[in-house]
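Dear colleague,

I am handing over the structure we spoke about, and my notes on it follow below. Please read them with the model open beside you.

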Amino acid sequence: MMSIYTKTGDKGKTSVIGGIVDKDDIRVEAYGTIDELNTFVGQARSLLQEQPSFADLAQHLLQIQHELFDCGSDLAYISLESSRYKVTSSLVKRLEHWIDTYEQQNTPLEKFILPGGTPLASSLHVCRTVCRRAERRVVTLGRVVSINPAVVQYMNRLSDFFFVVARIANVRSNVQDIEYERSGKVFSNNS
């Protein structure tokens with residue numbers, strides 16, 4: 001039987017693909033935050049069980065969970081040839097397509113909205129904010145070492161995706177988004 005514990009962490013070290021680094025290494029922080037996001041995506045997906053009106057979103061969230069592992073994998077390598085990257089621009093384009101498709105179902109947006117609404121919408125807003133933090137960690141890592149640039153693009157689009165589908169969760173449940181009361185009109189052309 002394989003042991004789940006390695007004891008390398010007892011000295012503040014962890015393995016990455018191609019070496020051993022400190023547990024608080026910026027690389028570990030980047031893919032660790034992506035792992036944290038993946039957990040929140042799983043939590044959001046669990047709220048969709050047996051809800052036929054969200055079957056499309058449940059499938060998309062599952063696919064995203066696999067792709068978040070791909071993002072972490074691409075970042076876990078000390079050195080990786082670009083031909084071996086798992087995350088590609090085609091994943092970014094597909095996210096853009098999903099965003100556009102879902103956004104057509106949303107009501108026009110003029111002002112900032114408060115995160116919340118249904119439990120699902122709230123959970124997806126948590127995904128959005130954790131995704132933004134993961135994106136910041138990946139950008140910081142990219143300043144120090146060479147990384148797959150598609151991971152940064154993917155994380156950027158993914159946070160937009162979570163914003164749009166959080167609103168979809170409310171729309172499909174007939175719950176109004178609450179506009180931030182001191183917001184000016186910040187979104188103008190919603191065609």
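Apart from its neighbours within four places in sequence, Asn170 is in contact with Gly116, Gly117, Thr118, Ala121, Val175 and Asp177; please keep in mind that this is a predicted model. Asn170 belongs to helix α5, which spans residues 149–172, and it counts as buried, because its relative accessibility is 0%. Its side chain reaches the backbone oxygen of Gly116 at 3.1 Å and the backbone nitrogen of Thr118 at 3.0 Å.

The aromatic residues form a second topic. The whole structure holds 4 aromatic pairs. In one of them, Trp98 and Phe161 have ring centres 5.9 Å apart and planes at 50 degrees, so the pair is tilted; it links distant parts of the chain, with Trp98 in helix α3 (residues 89–103) and Phe161 in helix α5, 63 residues apart. Trp98 is buried at a relative accessible area of 8%, and Phe161 is buried at 0%. Ring pairs link Trp98, Tyr102, Phe161 and Phe162 into a cluster, while Arg94 lies over the face of Trp98, 4.0 Å from the ring centre.

Lastly, Gln65 sits in helix α2 (residues 55–76) and is buried, at 14% relative accessibility. A polar contact of 3.0 Å joins its side chain to that of Asn38, and, leaving aside neighbours within four places in sequence, Gln65 is in contact with Asn38, Val41, Gly42 and Arg45.

Notes: Residues are numbered from 1 along each chain as its sequence is written. This is a predicted model: local features need pLDDT of at least 70, side-chain atom pairs count only at pLDDT 80 or more; totals for chains, interfaces and linings use all residues. Side-chain values use heavy atoms; hydrogens and water are left out. Helices (H or I, at least four residues) and strands (E, at least two) are DSSP runs, numbered from the N terminus. Buried means under 20% relative accessible area, exposed over 50%, partly exposed in between (1.4 Å probe, protein chains only). A polar contact is a pair of N or O atoms within 3.5 Å; within protein, one must be able to donate a hydrogen and the other to accept it, and residues adjacent in sequence count only if both atoms are side-chain atoms. Contact means heavy atoms within 4.5 Å. Rings of Phe, Tyr and Trp (its six-membered ring) pair if their centres lie within 6.5 Å; planes under 30 degrees apart count as stacked, over 60 as edge-to-face and the rest as tilted. A charge sits over a ring if NZ of Lys or CZ of Arg is within 6 Å of the ring centre and within 35 degrees of the ring normal.
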